[in-house]
Amino acid sequence: MRRITMRDFRWLSVPKSYEKNHREVLVHVDPCLTVIQGPLLLAVSDESFSFDATMSVPESNTFCGLCVYHLDTTYTAVGLSQDTLQIQSSIGGFVNNSIIPYTIGSHEARWRLKRHGSHMEISLIPEDGNKPIPLSSFTLPASEDSISFGFYFCNHTQQRHAMRLHTITYLKDSADTIA
């Protein structure tokens with residue numbers, strides 16, 4: 001498979017207002033949208049890879065982060081707000097949502113998704129560039145051959161919020177395991 005760039009990402013749930021070019025995406029997320037209701041911007045890969053992206057860290061009760069998606073009923077999403085880490089998984093419609101107090105101290109976060117076969121890991125890359133901090137390690141049903149992955153944006157407030165992503169890097173990974 002060829003190298004994935006910003007142009008390969010397509011909206012599964014299209015926001016009412018956004019700007020997207022080959023370098024970045026600015027999305028205005030409407031109020032009261034959950035992970036699966038909110039905008040999803042996804043690409044597809046059938047190989048082992050490492051994927052990095054920089055995203056804004058929005059205010060409380062609004063989240064953006066990485067998502068691995070199979071169906072509306074089968075996905076994993078990991079995202080941040082200024083004071084909270086959100087990890088949400090759904091297998092066959094059975095949703096597990098974890099909200100964990102977490103302060104990042106920055107208005108941007110660097111994310112990493114690694115995939116090897118059906119195994120995936122979502123991590124945060126510290127500002128000093130040291131070893132990524134794993135936040136979720138998982139498998140999803142029917143992900144052995146290919147996966148949809150990318151970005152999610154949700155907003156649990158009553159106002160519209162702007163969120164941004166930029167600087168993506170996709171590398172085919174020849175390693176046999178996630179490390």
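Ground rule for the sheet: I count two strands as paired if DSSP finds at least two bridges between them. Strands here are DSSP runs of E, at least two residues long, numbered from the N terminus. I am looking at a predicted model, where local features need pLDDT of at least 70, side-chain atom pairs count only at pLDDT 80 or more, and totals for chains, interfaces and linings use all residues. Residues are numbered from 1 along each chain as its sequence is written, and side-chain values use heavy atoms, with hydrogens and water left out.

**Entry 1, the sheet.** I traced an open sheet of 7 strands, paired antiparallel, in the order β2-β3-β14-β5-β10-β11-β12. The edges are β2 (17-20) and β12; each has a single partner strand, so one side of each has no neighbour in the sheet. From one strand to the next the twist averages 20 degrees (axes are lines fitted to C-alpha atoms, and angles run from 0 to 180 degrees between N-to-C directions).

**Entry 2, β5.** Which strands does β5 pair with? I found β10 (residues 108-116), antiparallel over 8 bridges, and β14 (residues 161-172), antiparallel over 6 bridges. On the β10 side, S50 stands opposite K114; in β14, D52 has T169 as its bridge partner.

I then checked burial (buried is under 20% relative accessible area, exposed over 50%, partly exposed in between, with a 1.4 Å probe and protein chains only). In β5 (residues 49-56), 8 of 8 residues are buried. F49, F51, A53 and M55 point one way, and S50, D52, T54 and S56 point the other.

I followed β10 to β11 (residues 119-125), antiparallel over 7 bridges. W111 stands opposite L124 there.

A nonpolar core is a set of buried Ala, Val, Leu, Ile, Met, Phe, Trp, Tyr and Cys residues joined through side-chain atoms within 4.5 Å. The largest has 39 residues, and F51, W111, F149, F151 and F153 touch the most other members. Another core, of 10 residues, lies apart from it and includes V35, L40, Y152 and C154.

Most residues other than glycine have a negative phi. I noted C32 at about 60 degrees, in the loop between β3 (24-29) and β4 (40-45). C32 is partly exposed, at 44% relative accessible area. A142 has a phi of about 65 degrees and sits in the loop between β12 (133-139) and β13 (147-155). A142 is partly exposed too, at 48%.

Notes
Helix = DSSP H or I, 4+ residues; strand = E, 2+ residues; numbered from the N terminus.
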